[in-house]
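Have a look at the structure, then read on with it open.

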Amino acid sequence: MIRRLDPETRSKIAAGEVVARPASVVVELVENALDAGAQTIEIEVDGDGTDRLRVADDGRGMAESDAALAVERHATSKLSAADDLETVETLGFRGEALPSIAAAAARLELTTNDGGPRGTRVVVDGGEAATNGDREKTKTVSPAGRARGTTVEVTGLFADRPARKKSLASPKAEFARVSAVVTRYALTRPDVRFVLRHDGRETLATPGTDRFSDALLAVYGRDAASHASAFDASREVSAAGETAAVEVDGALCHPEVTRSRRDHVHVAVNGRALAEPRLRRAVADGYGTLLPDGREPVGVVSVRLPPAWVDHNVHPAKDEVGFRDADAVAEAVEASVRDALSTADLRRSGEVAMDLDSSLAPVEAASVFDDLRVIGRFRGLYLLCEAGDELLVVDQHAAHERINYERLREAVESAGVDSVAVDPPVTVSLSPTDAALLDANRDFVERLGFRVAEFDDGSGTGTGTYRVEAVPAPLGRPFAPDALADVVADVASGDDTDPRDELLKDLACHPSIKAGDDLTDDEAARLVERLGSCETPYTCPHGRPTVLSIDEETFVRGFGRRSGRLG
């Protein structure tokens, strides 16, 4: 039943629904559909979402009286008193978002049916613009034909708020945000069938089988889904003398399936999908040393704990939640992921071969390490070198990475990014979000050396699969076609970095010497000499040090000697 909130409850609620962009409207409408027990949710977006948004579900609809009240401010079916805030288990508990959406849109149409012989249509429409710039809203209620469920259609979003509309990104970028929201829920709620259409074209469809693997298959394709393991775990946490069970389940892709950013770690808390950085980090930490340096995992993790241990009311846009003991929850997630991976079959394909001969070839430039002598190795990771009164410790991977990076950068600066054809072309599956990002940044991605065509399976709908016909190949070293997803994410990240530079850093890393690789005496000497000739020899391209120095005085103090060898 829809009811108006009393003043005391209103005063304890965060600052209302924030309709900042089309994606936030989608969040609210999808969460209301999930709260209504929907098994299928269909989202349609025209343009950037300000022209038209439509969300339809097959959940519990509303009777006429509730539907009419649902578009009124401070009316909700999810709270009855202030105390309910402590134990709320629904997603849209701040009050239905419909009034806020209606206030921001030129027109909102709600069509719903609770299973009766006929449904109800409620339209909130704007008339002539008022003196303050807003339109006077009118509400009409009428009978309508509809099966059980609810459809909300929003048109003219921000039509009367030009400043807000101008603050939006490009239409393609705004749709990418919508796609990211829907993808997050489609993965964390595999029991619900999600369909997303953009300008009449289907860009995402999940089956709603209640299996994380099937949702991963729909979003990331067969390669990722076939290298994923489902898991579930339960752990006890304590805070302030109280104990609670933390239930953790989901699916984790094996370490050979990675991305350059943590955006592909999808988490949910008590059913709410979140871009929660603390839990995302806990998932990545659970992988430990299984991940290559600079790579992030792909996975879905759903966390459930007693409602009183979670505060969903800490952020107006519901982007974050608060925990009674955030450290304990993060530790439970990390331990659950670590244990799940310890029993998974993580056999991996071989690494890219090293190219020591070309990268360590002699150079004309002087080396700052001309007088350095390699005297030993430690744990297959570090070269021990004597340099006057100092002991230098060289990280062989970081050193080789720096050498490769500067060689690649020099080649690109002099001749640009070469491409090589991929024959036959390789198909690569992108998530709906990455596909939208590629569409928004295609020109730049192609300037980096990729040539990509959308794969057409003859159905007339988008498949999220692309034919990679050419890849960047600086210095004749081709990128793998599946690096496309990483490059798209780097280009679209908005960081103040040159995507070409990020491309070269990634390319320099993969063929570089790995931990545990044994070098001959000659290779070790050439590595150090070549590092010394680099423009920036003391850090790798990602900023980690390549060389640590230990002077003789350190040994004198440590061994309690009066002086060193030289006095």
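**Notes on pairs and packing**

1. Let me start with Arg-338, which is partly exposed at 41% relative accessibility (buried is under 20% relative accessible area, exposed over 50% and partly exposed in between, with a 1.4 Å probe and protein chains only). Glu-334 also counts as partly exposed, at 23%. The two side chains meet in a salt bridge, 3.4 Å from N to O (a side-chain nitrogen of Lys or Arg within 4 Å of a carboxyl oxygen of Asp or Glu). Both residues sit in helix H10 (residues 326–342), 4 residues apart, or about one turn of the helix.

2. Some ground rules. This is a predicted model, where local features need pLDDT of at least 70 and side-chain atom pairs count only at pLDDT 80 or more, while totals for chains, interfaces and linings use all residues. Numbering runs from 1 along each chain as its sequence is written, and side-chain values use heavy atoms, with hydrogens and water left out. Helices (H or I, at least four residues) and strands (E, at least two) are DSSP runs numbered from the N terminus.

3. How many salt bridges does the count come to? The total is 34. One of them pairs Arg-54 with Glu-153, with the closest N and O atoms 3.9 Å apart. Arg-54 belongs to strand E3 (residues 52–57) and Glu-153 to strand E8 (residues 149–157), so this bridge ties together parts that are 99 residues apart in sequence. Both partners are partly exposed, Arg-54 at 22% and Glu-153 at 23%.

4. Another bridge worth a look is Glu-296 with Arg-262, at 3.0 Å between the closest N and O atoms. Glu-296 is in strand E16 (residues 296–297), while Arg-262 is in the loop between strand E13 (258–259) and strand E14 (265–269), so they are distant parts of the chain, 34 residues apart. Glu-296 is buried at 14%, whereas Arg-262 is partly exposed at 27%.

5. The aromatic count is 2 pairs (Phe, Tyr or Trp rings, the six-membered one for Trp, with centres within 6.5 Å; planes under 30 degrees apart are stacked, over 60 edge-to-face and the rest tilted). Phe-369 and Tyr-538 have ring centres 6.0 Å apart and planes at 85°, so they are edge-to-face. Since Phe-369 lies in the loop between helix H11 (356–359) and strand E20 (373–378), and Tyr-538 in the loop between helix H17 (521–532) and strand E26 (547–551), the pair ties together parts 169 residues apart in sequence. Phe-369 is buried at 7%, but Tyr-538 is partly exposed at 45%.

6. Phe-378 and Tyr-382 make a stacked pair, because their ring centres are 6.5 Å apart and their planes at 20°. Phe-378 is partly exposed at 45%, as is Tyr-382 at 29%.

7. Finally, helix packing. The axes of helix H2 (residues 22–35) and helix H6 (residues 171–188) come within 8 Å and cross at roughly 25°. That makes H2 roughly parallel to H6 (angles under 35 degrees; over 145 is roughly antiparallel, 65 to 115 roughly perpendicular and the rest oblique). Residues in contact (heavy atoms within 4.5 Å) include Val-26, Val-30 and Leu-34 in H2 and Val-178, Val-181 and Tyr-185 in H6.

Technical notes. Axes are lines fitted to C-alpha atoms, for helices over the stretch in contact, and angles run from 0 to 180 degrees between N-to-C directions.
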